[in-house]
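This report examines the salt bridges and helix packing of the chain shown below.

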Amino acid sequence: MPFAFITEPGLQPSQHVPAADEPQRPESDTQPHRPRRKQQNPRHPQYTAAQWDDHRLRIKDLYIDQNASLEQTMEIMSEQFGFRPSPKMYKDKFKVWGWSKYLPKDRAQWMLNKAEQRIRQHPGTKKKDTIFGYGGQVWTVERVRKSTQRAKATEGEVIALDAPTPHDITYETPHAIPPSPGNIRSPEGPSAPVDRWTPMPSSRNSQLHFLQSTWNGHSSLAEIEAIKREAHQLNLEGKVQDAEKRFREALAGFENLLSPTHEDTNAVGYELANFYAEHDRMVDADLVLNWMSQKHVERWGFDHQKTTTHFLHVAELFTSWSRNDDAATFLYRVLDAWDKRDITTLNSEPPQIAQPQVIPLQATTRQSEPEDMTRVFAETDDPKRVDYQLGLANARVTTNNETAEPLLLRLIEQCEKYPRKLGSQILQARCALVDLYRRLGDDGRTASALRLAQKALETVLALTAKKTESLLDSCIRVAKLHITEVYNDVAEDMFQRIGDEAEDTFGTDDRITIGILIHIGKLYQHRNMWAYAQPWFERALAASMTANGLESAMTKRLEDALENQHYAVTALTHEELESISRARIHLYVS
């Protein structure tokens, strides 16, 4: 029987009538009760819409892109960002954002019908594949079928073949490179807003103009460089939030005044990613690298050398952050995408601006190595593909994995068939083999590998008529391995030849030559061998005086280095960036 309040006429249920023998309470206690204000749970504070938007990309990267559980997502957001909504708050916000990890039966059936319909509409042609976007995720036809097998539609459930496209589904023909979820759009209507990280919120909708000379009140690159130097200083002082803001402002400045893929923009982007990694914010580091990858593929296409160089640098960063599994996984995915590309589009000139497609970085998702290693390491004379293969082998070397040895020996054997084309890759593989043996503590094989690396350097330089910067950089890596008490004379002889080759190829006062001379000097300096480092800085100073003038920042820095017997730089100026090879910038920053 339902509970009912029994009251005297004129009294509300909350009022109390004292009995005759009941002590009289103070007047204040007999007043109508006022409901107390609900206290906020300190464990799960309320957040504004703006605060949710600030974390939206991070949450999506964890929960949707990396397929972390809600509990894992909440733990990371709490520990790394102090963001502590309740599970219900998260679920409510996911509904608002239209995110879902699961595919409803009716949506799955519609997708399968649409895929079949598109195939029938193109008879006699190559199969018309379709990929769908739903709930913030990419759904291939195969994935949709697996979903329906796990939860089959009820009998008699039929979706009309001409049913209109549901408002929450998009679809398109897939490109050869796996697209990111935000890049899928529907041909039947406008696409939903795309969640993409940008250097600054104000740059989300910015458009580059060829004659653009100012950005955000800044009209010179020197001002942007000053912002970057300030970011480094703030980071040293422990002012992390202020440093992050200035790093992102510098990145946005270079993006707008130069271009999203300019060498200066790349340098700041990598510094920002390193900044996040240094502060254990790997999710944010991945967002930066994904943004950079997006821009490279948009501008240069997947197969351009600039894109390859960027992808390899991403793998190197993962390795430096002790994320060796992620480095290998990323490169496997790049190679897989490479294999699936239409070969008629490779090496097309001029480079076309591709659709926004990237290989998404997934920090917590592990991908097992492909069983068919023969395919991954198939023989090729394509330098870019060999570079990816070397990256995979190096990922094993850094974990002291002896299985790297047969891979490196195989790469060396195939590269030596094309010494003029793959000379740089031969030397890199030889260096990796020395590194592996040293890590394993095998002195005998290390000594043998060093002798073979030295011989390979001599052979490659003799066979190659025109020396490139990348080739000489690989030669430096070989010589660097010999900087020991036992082999230092050998190292010095190799460095002398490399310096001479640089001057003969590029000129005595060319920026590449200056960069190589400083590079060699720094290598000796790092080993506290100033007597060997000094002559290289002297040669660089003489070249800089001719190329840049007596008052240039580079010339003054080299003069200071010789006076103080130490070459030091915390942030390169734009002038120095123009004088030093971008491929070796990180070696000059101390």
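**Basis and terms**

A salt bridge is taken here as a side-chain nitrogen of Lys or Arg within 4 Å of a carboxyl oxygen of Asp or Glu. The model is predicted: local features need pLDDT of at least 70, side-chain atom pairs count only at pLDDT 80 or more, and totals for chains, interfaces and linings use all residues. Residues are numbered from 1 along each chain as its sequence is written, and side-chain values use heavy atoms, with hydrogens and water left out.

**Overall composition**

The secondary structure of the chain comprises 23 helices and three strands. Both are DSSP runs numbered from the N terminus, helices being H or I with at least four residues and strands E with at least two. Of the 590 residues in the chain, 47% are buried; buried denotes under 20% relative accessible area, exposed over 50%, and partly exposed in between, with a 1.4 Å probe and protein chains only.

Contact means heavy atoms within 4.5 Å. Among contacts between residues at least 6 apart in sequence, 66% join residues at least 24 apart.

**Salt bridges**

Glu405 counts as buried at 19% relative accessibility, whereas Arg445 is partly exposed, with a relative accessible area of 30%.

Glu416 and Arg430 also meet through their side chains in a salt bridge, at 3.2 Å from N to O. Glu416 lies in the loop between helix 14 and helix 15 (423-439) and Arg430 in helix 15, so the pair ties together parts 14 residues apart in sequence. Here Glu416 is partly exposed, at a relative accessible area of 39%, while Arg430 counts as buried at 12% relative accessibility. Elsewhere, salt bridges with shared partners join Arg58, Glu244, Arg248, Arg281 and Asp284 into one network.

**Packing of helix 16 and helix 17**

Helix 16 packs on helix 17 (residues 469-480) at an angle of about 155°, with the axes 10 Å apart. Axes are lines fitted to C-alpha atoms, for helices over the stretch in contact, and angles run from 0 to 180 degrees between N-to-C directions. The angle makes helix 16 roughly antiparallel to helix 17, a class for angles over 145 degrees, with under 35 roughly parallel, 65 to 115 roughly perpendicular and the rest oblique.

Helix 16 contributes Ala453, Gln454, Leu457, Val460 and Leu461 to the contact, and helix 17 contributes Leu471, Leu472, Cys475 and Val478. By class, the contact has eight nonpolar, one polar and no charged residues. Ala, Val, Leu, Ile, Met, Phe, Trp, Tyr, Cys and Pro count as nonpolar, Asp, Glu, Lys and Arg as charged, and the others, Gly among them, as polar.

**Packing of helix 19 and helix 20**

Helix 19 (residues 511-526) and helix 20 (residues 530-548) have axes 8 Å apart and pack at an angle of about 160°. They are therefore roughly antiparallel to each other. Residues that meet in this contact include Ile514, Leu517 and Ile518 of helix 19, and Trp530, Trp536 and Phe537 of helix 20. The residues of the contact divide into 13 nonpolar, four polar and two charged.
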